[in-house]
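Dear colleague,

Please open it first, and then read the notes below alongside it.

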Number of protein chains: 2
Amino acid sequence: MTPNLDQTFTALSDATRRAIVARLAQGETTLSDIACPFDMSLTAVSKHVRVLSDAGLVNVVKRGRTRYCQLQAGPMKDAVSWLNHYQEFWEDRFAALSHHLEKDEHE
Amino acid sequence: MTPNLDQTFTALSDATRRAIVARLAQGETTLSDIACPFDMSLTAVSKHVRVLSDAGLVNVVKRGRTRYCQLQAGPMKDAVSWLNHYQEFWEDRFAALSHHLEKDEHE
DNA sequence: TTTTTATTAAACCGAATGGTTGACTAACGA
DNA sequence: TCGTTAGTCAACCATTCGGTTTAATAAAAA
């Protein structure tokens, strides 16, 4: 259950699952409600939610016969954190270049 | 070849590929050199680099018989950008809560 | 020219993925 | 109590994935 980058990135690599995340950002809701807009079976959506839940991105709470899902963005923080190590490589080409040059100097 | 979030997150969902990215952040290098530390065939590593390249995260340039690979972090920017939409959900629980309340008000 | 080196291509394999359907369970409403 | 609703489970299917091995290509080195 300890979420890792593999699971986080895998969970977010599917457009349906990203849409579910986007939906949950608007507020907690039920599985059926999540499933509504999708042209696929409830079972399929349920599996997607399971993937998100296994990745620690969604918390599912059962109340009665209904499952309420809420966004748990914690693991995204780690993902961003990993990505930001490479920030210089997209933000500032000169910075990246100088980084390379520095490295080259002491190699 | 237009990289999308699906490809970006998929590419980054594998630990080997993330290690390749980390390696390339230290500077451009060859496929063989990338493959060295991994306990798998060159073919396997070549495939991983191909996935990264298809995702637009790595640029491969052939010089002679050697392929030089360099990091192209551009697509990561879009990934971070997508993730940052959910920043409030991990950074500040009160902010997230107030966000929900606001939404609830005009629904 | 011959051999080595760097790499891709092709075929294959087992496991995982994203989807389906049908049967089941459990809770709510009439 | 009975039917409906919310959701899971299990089995199945086609495709993708991560790896292998063997063969092919093309450039550099001897």
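**How the two chains meet**

In this predicted model, 30 residues of chain B are in contact with 31 residues of chain A, where contact means heavy atoms within 4.5 Å. Together the two chains bury about 2700 Å², of which 71% is on carbon and sulfur atoms; buried area here is the accessible area (1.4 Å probe) that two parts lose on being put together, summed over both. B:R18, B:Y86 and B:W90 supply 21% of the area that chain B buries against chain A, more than any other three residues.

Before going further, please note the conventions: residues are numbered from 1 along each chain as its sequence is written, and chains are lettered from A and ligands numbered from 1 in the order in which they are written. Because this is a predicted model, local features need pLDDT of at least 70 and side-chain atom pairs count only at pLDDT 80 or more, while totals for chains, interfaces and linings use all residues, and side-chain values use heavy atoms, with hydrogens and water left out.

**Symmetry**

Two copies of a chain are related by a rotation about an axis and a shift along it. Here a rotation of 180 degrees with 0.0 Å of shift along its axis superposes chain B on chain A, with an RMSD of 0.1 Å (by least squares on the C-alpha atoms of residues with pLDDT of at least 70 in both copies). That is the relation of a two-fold axis. Among the residues of chain B, B:F9 comes closest to this axis, its C-alpha lying at 2.6 Å. Since 100% of the interface residues of chain B are also interface residues in chain A, the copies meet through the same surface.

**The core**

The largest nonpolar core has 56 residues, and those with the most contacts inside it are A:M76 and B:M76; such a core is a set of buried Ala, Val, Leu, Ile, Met, Phe, Trp, Tyr and Cys residues joined through side-chain atoms within 4.5 Å. Buried means under 20% relative accessible area, exposed over 50%, and partly exposed in between (1.4 Å probe, protein chains only). If neighbours within four places in sequence are left aside, B:M76 is in contact with A:W82, A:L83, A:Y86 and A:W90 from chain A, and with B:V21, B:L57 and B:L71 from chain B.

**Sheets and helices**

Chain A has an open sheet of 3 strands in the order 1-3-2, with antiparallel pairing. Strand 1 (29-30) and strand 2 (58-63) of chain A stand at the edges with a single partner strand each, so one side of each is left without a neighbour in the sheet. Helices (H or I, at least four residues) and strands (E, at least two) are DSSP runs, numbered from the N terminus, and two strands pair if DSSP finds at least two bridges between them.

In chain B, 2 bridges join strand 1 (residues 29-30) to strand 3 (residues 66-71), and these run antiparallel, with B:T29 opposite B:C69. Strand 2 and strand 3 of chain B form a hairpin with 2 residues between them, and B:G64 in the turn has a positive phi of about 65 degrees.

Finally, A:T16 has its place in helix 2 of chain A and is buried, with a relative accessible area of 15%. Leaving aside neighbours within four places in sequence, A:T16 is in contact with A:F38, A:M40 and A:H48.

With best wishes
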